[in-house]
Amino acid sequence: MNVAVVLQTTALVIVVALLVAAGTGKLARIDGATYPAALTRAATAFAAVITLAATVTAALATLIP
């Protein structure tokens, strides 16, 4: 596989994960959460997106010979 495609896909996943984390943190603050609680929610959302991307990648890698 082309290295450039892998790097671009990785960058896209990280950007999407950061956007989800920022949105989650902002929504937590609007909901009245403290800054540490909002940061914890944002970190959890970031980790969830990265984990989901890794799981989908592993599942697709087993299907492609």
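Guide: In this predicted model, the chain has a radius of gyration of 15 Å, whereas a compact globule of 65 residues would have one near 11 Å. The C-alpha trace spans about 50 × 20 × 15 Å along its principal axes. Two helices and zero strands make up the secondary structure of the chain. Buried residues account for 14% of the 65 residues, and the chain exposes about 4,900 Å², of which carbon and sulfur atoms supply 77%.

Helix α2 covers residues 35-63, 29 residues in total, and reaches 42 Å from its first C-alpha to its last, close to the 42 Å expected at 1.5 Å a residue. Within α2, the residues Ala38, Ala42, Ala45 and Val49 are buried. An α-helix has 3.6 residues a turn, so residues three or four places apart point the same way. The buried residues of α2 pack against α1, which covers residues 3-30.

Ala45 counts as buried because its relative accessible area is 14%, under the cut-off of 20%. Leaving aside residues up to four places away in sequence, Ala45 touches Val20, Ala21 and Thr24. Between Ala45 and Asn2 there are 30 Å in space, C-alpha to C-alpha, and the two are 43 residues apart in sequence.

At Tyr35, the charged end of Arg29 sits over the ring, 3.8 Å from the ring's centre. As for aromatic pairs, a search of the whole structure finds zero.

Definitions and conventions: Residues numbered from 1 in each chain as written. Predicted model: local features only at pLDDT ≥ 70, side-chain atom pairs only at ≥ 80, totals over all residues. Heavy atoms only, no water. Helix = DSSP H or I, 4+ residues; strand = E, 2+ residues; numbered from the N terminus. Expected span 1.5 Å × (residues − 1). Buried < 20%, exposed > 50% of the residue type's maximum accessible area, 1.4 Å probe, protein only. Contact = heavy atoms within 4.5 Å. Phe/Tyr/Trp six-rings, centres within 6.5 Å; stacked < 30°, edge-to-face > 60°. Lys NZ or Arg CZ within 6 Å of the ring centre and 35° of its normal. Rg over C-alpha atoms; globule rule 2.2 N^0.38 Å. Areas by Shrake-Rupley, 256 points an atom, 1.4 Å probe, with all protein chains shown as cover.
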